[in-house]
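Let us go through this model by question and answer. Please have the viewer open.

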Amino acid sequence: MQKSPTRPAHAARNVQREQTEQAVSKFSNPAFFVDDGYSGTNYDRPGFQAMLAEIEAGRVAVCITKDLSRLGRNSSLTGLYINFTFSKYNVRYIAVNDLDTIDPNSTDSDIAGIKNWFNEFFAKDTSRKIRAVNKAKGERGVPLTVHVSFGYRKDPKDKTQWIVDEAAAVVVKRIFKLCMEGRGPTQIARLLREERVLNPTAYKRQIGIKTPSPETDDPYHWNTNTVVHILKRREYTGCTVNFKAYTNSIWDRKQRETPPDKRAVFYNTHPAIVGQEVFDKVQEIRQQRHRRTKTGKSSLFSGMVYCADCGVKMRYCTTSYFEKRQDHFVCSNYRSNTGSCSAHFIRAVILEDMVWMHMKAVIPYVVRYEKHFQEVMERRLRLSGEEAIRGHRKRLAQAEKRLTELDKLFIRIYEDNVAGRISNERFFMMSRTYEDEQAQLKVEIQTLQREIEAQERQIENLEQFIQRAHQYEDLDELTPYALRELVKAIYIEAPDKSSGKRRQNIRISYDLVGFIPVEELLKQETA
């Protein structure tokens, strides 16, 4: 059977094209496959994949590269392509600069395997050196990211330094402000789109900054993930965060997120766009899941209202037919019939009046009687904090002691397994049990350490709360931003009908300090 006309394929970079044209000129109907800017460790190169498609379609007779490293730098995969793929499709392979090691009339070359190994070693060695350089730079606090965060630019005088891009910084501040007011990422993205604010990619292209993100059809389209990404970036507080992601090897280039405690953070490396307190508050708000209503309505208190008895979040209920006074919160357990909780219910307008009334009493008192307030709250915080710290430290010591015991048990059962005193099945079962317990203990230890640190910072937190109160001493109406800055949670108690009238009580946990006994403080001051 006569074979159909075939043509040689060539995978090479543009810089090597001239060197291989002489070799290719001996063959008819040549086609060139070029992969400029791609590493030989990557086999998903577009040119390489296009060449493979031609080979598998049976349209290639000869494959020519400048040398073996141009085909690839993984000895196993390169050998597989040469010895299996090319052989399967009857493709002759020639490496122009390696003719002394590769027989051009045969793919069976023992020297080719050694050459492949050297190519792989070179790629690994280069990668190791680059990683070492980046590690040294990252540990010195030099930003490792090539692309500067939206809101900043590289300093023309020093490319390693960031300066604020005022126009973009306004957008970043607005995004954080909207989140502080209770808006979710989807709502923020929709609002920015309606206001025709350029998205980060369109803005950077407009001012001539290169960006890897593909250009969108609509420059005013904001993706929800873009908003989330901005809200999560610590760089906006003025710090540099290095080693946020890593890859396993030069063969596996998938980006994996580095745990926060293993990242390198350097503070005050560039001007801050967002204050640390605002950033921390936004992260706290982002952790709260806000249920969106079908009507599109949202409440000032979404994600902040809890049942005082069962502790679950209360559900915001509204319909398109409700007037504002009919919107209300109700205990989720009671509404869904999943618990034994009673009908904790409060209208949104009543809740707003009660919270504002409480805040109007707390803020002026803190500002006017700051010293007395600080003394009373310090005593309360110390009493509750010392008891909590004692309990946490006791449990922490127990957990650390048990963790040490488990390490000894591991050694013991391993020795018993080697000596034949317990079977392999028994050893694996016991080791899995111990490993699971160790993992749980490590998580518990980290949680307890954070709780102890939080308790020890209570006096510092009290001073921060007093400063916030001073900022809002002229507040004349309840705003979403002020609410989120001052209040952490609101607890709704069951209604009291013993007097024949329905009485509703709430308890407000203020951010940083918890519950403030405002009535007790007022009595002490007027006594």
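Q: Among contacts between residues at least 6 apart in sequence, what share joins residues at least 24 apart?
A: Contact here means heavy atoms within 4.5 Å. Among contacts in the protein between residues at least 6 apart in sequence, the share that joins residues at least 24 apart is 63%.

Q: What kind of model is this, and how are residues numbered?
A: Residues are numbered from 1 along each chain as its sequence is written, and side-chain values use heavy atoms, with hydrogens and water left out. Local features need pLDDT of at least 70, side-chain atom pairs count only at pLDDT 80 or more, and totals for chains, interfaces and linings use all residues, since the model is predicted.

Q: How many helices and strands are there in the protein?
A: Both are DSSP runs numbered from the N terminus: helices are H or I with at least four residues, strands are E with at least two. The protein has 17 helices and 17 strands.

Q: What percentage of the residues count as buried?
A: Buried means under 20% relative accessible area, exposed over 50%, and partly exposed in between (1.4 Å probe, protein chains only). Of the 527 residues, the buried share is 41%.

Q: Which residues does Val487 contact, leaving aside neighbours within four places in sequence?
A: Val487 sits in strand β15 (residues 487–492). Val487 counts as buried because its relative accessibility is 1%. Its C-alpha is 5.0 Å from that of Asp511, 24 residues apart in sequence. With those neighbours set aside, its contacts are Lys281, Met304, Met359, Ile508, Ser509, Tyr510 and Asp511.

Q: Which residues are linked with Asp511 in a network of salt bridges?
A: A salt bridge needs a side-chain nitrogen of Lys or Arg within 4 Å of a carboxyl oxygen of Asp or Glu. The structure holds 18 salt bridges. In the network, Asp511 is linked with Glu277, Lys281, Glu284 and Arg468.

Q: How far apart are the closest N and O atoms of Arg402 and Glu437?
A: Arg402 also meets Glu405 in a salt bridge, at 3.4 Å, N to O. Arg402 and Glu405 are three residues apart in helix α13 (residues 370–419), so about one helical turn separates them. The Arg402–Glu437 salt bridge has its closest N and O atoms at 2.8 Å. Glu437 lies in helix α14 (residues 424–456), so this pair ties together parts whose separation in sequence is 35 residues.

Q: What is the phi of Leu512?
A: Leu512 lies in the loop between β16 (506–510) and β17 (514–515). Its relative accessibility is 24%, so Leu512 counts as partly exposed. Leu512 is not a glycine, yet its phi is positive, at about 80°.

Q: Where does Phe243, with its positive phi of about 60°, lie?
A: Phe243 is not a glycine. Its relative accessible area is 25%, so Phe243 is partly exposed. Its place is the loop between β7 (240–242) and β8 (245–246).
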